[in-house]
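Here is a short briefing on one protein chain. Look at the fold and the sequence first, then read the points below.

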Amino acid sequence: MSQVLQSIPSGHEQVSCVSAVTDQNPSYDDLLGAVEYLLDERKHLMQRLTFAERTAQEFCEQAGYANSLARTAQTSIILAKDQTKSERKSKAGVPTTWIGGSWLAPSESVLAPAETAWQDGNAQKALTMVTLLFQRHDITVSEDVHMNLFTSAILRASGDLAQAGKYAEDALVIAREADSYMLASKAEFHRGLCFLKQNRFAQAQWCLVLASHLEGHQDQIEANRVFADERRRNLGPSDPGRKFDLACI
C-alpha cells in the first residue's frame, strides 16, 4: 500500500504534469485556424480543377470543330473539281459590281432591272420587282435560286434577318434538289452572311467554308470568314455565337 502511494505524484507534481501536457498540444483556436486554412485551400484547388476541366473541354470542342471544317473544305475542293462545265460559265469581259456589300451583279438577266434599281438606291422598288418575278411560271432553277438570294440580300441589308435567312434557306433547298454545287455554294455564302449578322459566328464560318470555291466571291468569303473566326474566339465558352448547331447543316 505504501508503495502504491509513493508512486502517485504529489499535488504540485500533478499540476506540473498537466501543464506540460497542455503546452505540448495546440489550442482550440489553433486547431480551428488550421482547419479553416485547409478548407480554404481545398476550395481554391477545386476552383482550379474546375477551370482546368473547362479548358480541356473547350480544347476538345475546338479540335472537333477544326476537324469538321477541314473535312468540309476537302469535300468542297473535290466537288469543285468535279463540277460540270455548264456550271462554270465564264464571265470574262463582263464588268461586275457589289451591291449592298453582299450581292455580285450581274447575276441572271431576269434580275437585271431589280439589280439596277437597288444599285440606284431604291431597295424597295427592287424588292417589289423581284416579288413580281416569283409569280412567273417559266423561271429556271438558276433564276429561282438567284431570286431567293437577291431577296435575302435586300432583306438582310434592311435588317430583316429572320426573313433574309428564310429566303437563303429556300434557295439552298432548291439548289440541292437540282444537284447544283455552284448554286448551293452561292446559297451557303448568303446563309453565312445571315448568320454573321445574327452573331452566330461558328455557323457563319461553316457556311463560308462550304462556299469557299464560289467564283468571283473568294475575297468576300475569306474576309467574312476571318472576321467570323475572330469574333467567335472573343466570345465566352457558353455564348450561343460560339456554338455550332448541327441542325443547320
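In this predicted model, H190 contacts S102, W103, L149, A153, R156 and A168, leaving aside its neighbours within four places in sequence. H190 lies in helix 8. The residue is buried, with a relative accessible area of 1%.

- The C-alpha atoms of H190 and A211 lie 9.1 Å apart, and the two residues are 21 apart in sequence.
- A171 sits in helix 7, which covers residues 161-177.
- A171 is buried too, with a relative accessible area of 0%.
- Beyond its neighbours within four places in sequence, A171 is in contact with V145, N148, L149 and A187.
- L149 is listed among the contacts of A171 and also among those of H190.
- A171 and M147 are separated by 24 residues in sequence and by 8.4 Å in space, C-alpha to C-alpha.

**Helix 6 against helix 7**

- Helix 6 spans residues 141-158.
- Its axis and that of helix 7 come within 8 Å and cross at roughly 165°.
- Helix 6 is therefore roughly antiparallel to helix 7.
- The crossing of this pair is left-handed.
- On the helix 6 side, the contact residues are V141, D144, V145, N148, L149, T151, S152, L155 and R156.
- Helix 7 meets them with L161, Q163, A164, Y167, A168, D170, A171, I174 and A175.
- By class, this contact between helix 6 and helix 7 has 11 nonpolar, 4 polar and 3 charged residues.
- L149 and R156 of helix 6 and A168 of helix 7 take part in this contact, and these residues also touch H190.

**Helix 8 against helix 9**

- Helix 8 runs over residues 181-197 and helix 9 over residues 201-210.
- Their axes come within 7 Å and cross at roughly 160°.
- That angle makes helix 8 roughly antiparallel to helix 9.
- Helix 8 and helix 9 cross in a left-handed sense.
- Helix 8 brings Y181, S185, E188, F189, R191, G192, F195 and L196 to the contact.
- Helix 9 brings F201, Q203, A204, C207, L208 and L210.
- The contact of helix 8 with helix 9 comprises 9 nonpolar, 3 polar and 2 charged residues.

**Cover of helix 9**

- How many residues of helix 9 are buried? The count is 10 of its 10 residues, and the helix is mostly covered.
- The buried residues of helix 9 are F201, A202, Q203, A204, Q205, W206, C207, L208, V209 and L210.
- Among them, F201, Q203 and C207 are buried and also meet helix 8.

**The whole chain**

- The protein has 10 helices and 2 strands.
- From the N terminus on, the order of elements is α-α-α-β-β-α-α-α-α-α-α-α.
- Of its 249 residues, 34% count as buried.
- Of the contacts between residues at least 6 apart in sequence, 59% join residues at least 24 apart.

Note on methods. Residues are numbered from 1 along each chain as its sequence is written. This is a predicted model: local features need pLDDT of at least 70, side-chain atom pairs count only at pLDDT 80 or more; totals for chains, interfaces and linings use all residues. Side-chain values use heavy atoms; hydrogens and water are left out. Helices (H or I, at least four residues) and strands (E, at least two) are DSSP runs, numbered from the N terminus. Buried means under 20% relative accessible area, exposed over 50%, partly exposed in between (1.4 Å probe, protein chains only). Contact means heavy atoms within 4.5 Å. Axes are lines fitted to C-alpha atoms, for helices over the stretch in contact, and angles run from 0 to 180 degrees between N-to-C directions. Angles under 35 degrees count as roughly parallel, over 145 as roughly antiparallel, 65 to 115 as roughly perpendicular and the rest as oblique. A crossing is left-handed if the near helix is turned anticlockwise from the far one by less than a right angle, and right-handed if clockwise. Ala, Val, Leu, Ile, Met, Phe, Trp, Tyr, Cys and Pro count as nonpolar, Asp, Glu, Lys and Arg as charged, and the others, Gly among them, as polar.
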